[in-house]
Amino acid sequence: MVVQKVSCLGQHVREEQHVLNMYSSVLDESEEYIKCGLCWEVPTQTVTLSCSHTFCKWCLKKRSKSGQEVNGRIACPVCGVNDTMTHGQTEEVSSNNGNDRKCDLCEESRPAEARCVECRELMCNFCHQSHRRSKASKHHSITMLGDIHTETGEISGSRCSIHDEELAYFCRPCDTAVCKKCRTSDHKGHRSRPVKVIVGDKRRQLEEKVDTVRHGYVRMLEKKLAEIPKQIKAIKENAESVVVDIIQRSKCIKDQIDAIKLEMIKDVRSKESLGLTRLEQFMRELEKELLTVGESIRRTENVLKQGTDVEVVSICKVSQETFDSLETRRPLPELQKVDVAFESGELVRDMLMNGFGHCSTRNSGFTWSRSVSMCQGDPQDVNIKLVSEFHCPLVVDEDDNDDDFVNESVHTMAAVAGGQISVCCGCESDRVVFTDGTGRVISSLRVGVMIDDLVSRNDHSIVMSCFRDRSIRAIEENGNVRELVSTQYYPRGLTVASDGSLLVCLMDQYSTSVTKTSRRMVARLDSRGQQVQVYEYTDENKRLFTRPYRVQENINGDICVTDKTSMGSGRVVVLDRLGNLRFVYDGRSVSAGERPFSPCGIVCDSYGRLLITDTNNHCIHVVDKNGQFVSFLLRKEDGITCPTSLALDGEGQLWVGNENGQMKVYQYL
């Protein structure tokens with residue numbers, strides 16, 4: 001069954017190979033990644049739906065004729081959103097283009113006036129206002145349907161719907177364009193400026209946002225898409241290796257069964273020979289006894305037939321005594337029947353599976369091969385190979401050479417391009433050291449302030465949180481250091497989200513003691529360093545964090561935070577992208593050791609699994625994206641002691657640093 005499953009997996013991978021190669025070729029052809037969502041070619045006549053997905057006019061027309069409409073509106077073939085199109089539309093694409101759009105949220109089916117970009121829902125005016133007031137959705141991006149393009153290609157809001165005058169002014173409090181009469185009536189007293197004056201700033205804002213998304217989220221998608229061929233190759237090699245191992249294991253078990261069979265047959269033959277020998281001996285004794293008795297009977301019968309009366313009288317007494325003694329002189333051996341029976345053993349599937357082995361790739365170069373079966377879903381295998389190990393380099397003084405190092409704890413590190421790592425050793429260090437996978441120092445830089453955490457960005461710069469200085473700074477590619485944000489709180493861990501924003505752990509004080517006025521949060525900062533969202537309380541107004549230490553974003557947008565609840569213990573708090581609490585992992589469900597669970601470093605792999613260091617118990621936990629414990633990736637018996645920090649680079653290498661300044665590099669994925 002396992003072989004069949006793996007074979008089906010390999011066949012499915014081969015069927016998808018052509019499509020994935022086509023995706024990869026798309027990346028090579030266009031850095032802009034503006035392709036038709038149906039034919040994956042550069043569209044000649046562009047049609048862009050309000051969900052921002054782009055198609056060829058002909059492809060969308062053909063899709064429309066094939067019945068891909070919902071309630072008279074075009075359904076986006078990519079995301080399924082039902083909405084009107086915004087650019088390059090013609091009447092041939094759809095005869096009814098959304099004039100009867102209704103609210104997706106309320107049961108009254110009121111006319112839709114707005115659309116939430118995050119929720120992808122159409123809303124009436126009542127639901128729109130409720131959406132704005134909700135704590136979970138108040139920061140969502142709302143698009144008014146009157147502001148999108150109509151079938152003629154013009155902006156439907158270019159003229160006032162009340163006074164039929166040009167919308168020449170922009171009301172800042174209401175964030176909408178108004179005409180001259182609206183400005184002196186409904187919007188009287190509001191701060192407003194001419195559209196022609198502010199359009200330049202708005203255009204620059206949009207260009208910056210588009211540029212941020214293009215160089216952040218889009219580049220991330222391109223990178224992940226480019227990794228798919230490698231994953232395909234790895235899956236195929238893994239499947240072939242699994243099949244070979246299963247066949248070899250099956251042959252080995254078959255050989256052992258054959259050996260057991262021969263031993264059992266030999267034992268049966270031995271018992272058969274013993275039984276036959278006993279029967280032959282018994283048969284000889286019976287034959288001997290028959291001869292003796294027969295001879296006595298024959299002599300007596302001869303005398304009776306041919307002897308005189310005197311002879312008969314003479315042997316009568318002797319013959320009677322002889323015949324009487326036959327049954328009493330010695331007992332005859334009993335006839336023993338020997339039966340050999342075969343009793344079948346109980347075939348229990350779990351015992352057979354345990355004896356046969358679990359489905360795990362056993363490549364010859366890997367030191368560890370761990371089967372990490374999920375609590376839900378198919379098993380996933382994790383292979384670990386120790387590539388190198390060395391001590392964290394830390395320059396003692398500004399005047400010292402880079403060859404003079406002391407060993408302190410690996411406080412934080414971030415993977416950079418080219419298989420290198422930026423690392424800060426020592427909890428009060430102000431120096432960043434760039435090293436390769438062998439521990440060779442490439443360069444080092446002193447920034448002048450205490451570093452708490454490091455993270456690399458797509459523009460090859462390194463962003464660092466400076467706890468005591470209460471600032472966030474960046475090391476540019478040319479080595480210059482500049483301040484990005486100055487905060488009123490103390491920053492700890494930070495990471496770059498998929499949209500290019502920064503997620504930062506913030507505290508009003510270092511202590512784990514929390515009062516009603518304490519501020520312990522994770523904030524999202526945009527590219528300009530402006531705070532756009534804060535994660536601090538649940539919907540029930542309960543505090544999320546005690547002392548947030550490190551933060552990572554998972555592949556599904558979840559925000560994963562290691563939280564120090566007391567000195568020497570903690571937990572992992574995971575929120576969804578909207579800030580709602582998904583789960584808390586405290587390590588209590590597993591037996592990691594006698595000491596409390598103490599999470600420090602955390603990373604998320606390409607499968608959405610959380611890798612968490614447990615400093616107290618000398619191990620690394622693997623937790624799936626639903627909060628279920630999967631396995632221990634590394635433990636003390638694997639050579640891991642007091643791990644404090646983790647980094648996962650683009651080559652699939654896992655970097656592990658500990659309290660003693662030791663760094664180990666593993667091939668993980």
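Strands S22 and S23 (residues 502–507) pair in the antiparallel sense over five bridges; pairing requires at least two DSSP bridges between two strands. Strands here are DSSP runs (E, at least two residues), numbered from the N terminus. In this pair, Val 496 stands opposite Leu 502 in S23. The model is predicted: local features need pLDDT of at least 70, side-chain atom pairs count only at pLDDT 80 or more, and totals for chains, interfaces and linings use all residues. Residues are numbered from 1 along each chain as its sequence is written, and side-chain values use heavy atoms, without hydrogens and water.

S22 and S23 belong to an open antiparallel sheet of four strands, ordered S22-S23-S24-S25. Its edges are S22 (490–496) and S25 (531–535), each of which pairs on one side only.

The second largest pocket has a volume of about 570 Å³. A pocket is an open set of points on a 1 Å grid over the protein atoms alone, where a 1.4 Å probe fits, with protein on both sides within 12 Å along at least five of seven lines; lining residues have an atom within 4 Å of a point. Grid points are joined across faces, edges and corners, and the volume is the space filled by probe spheres set on them. Of the 26 lining residues, His 411, Cys 427, Arg 492, Tyr 510 and Tyr 549 are the closest to the centre. S14 (410–416) and S27 (559–566) each supply at least two lining residues.

Arg 492 also lies over the face of Phe 467, 5.1 Å from the ring centre. The charged end of Arg 550 sits over the ring of Tyr 549, 4.0 Å from its centre. Such a contact needs NZ of Lys or CZ of Arg within 6 Å of the ring centre and within 35 degrees of the ring normal.
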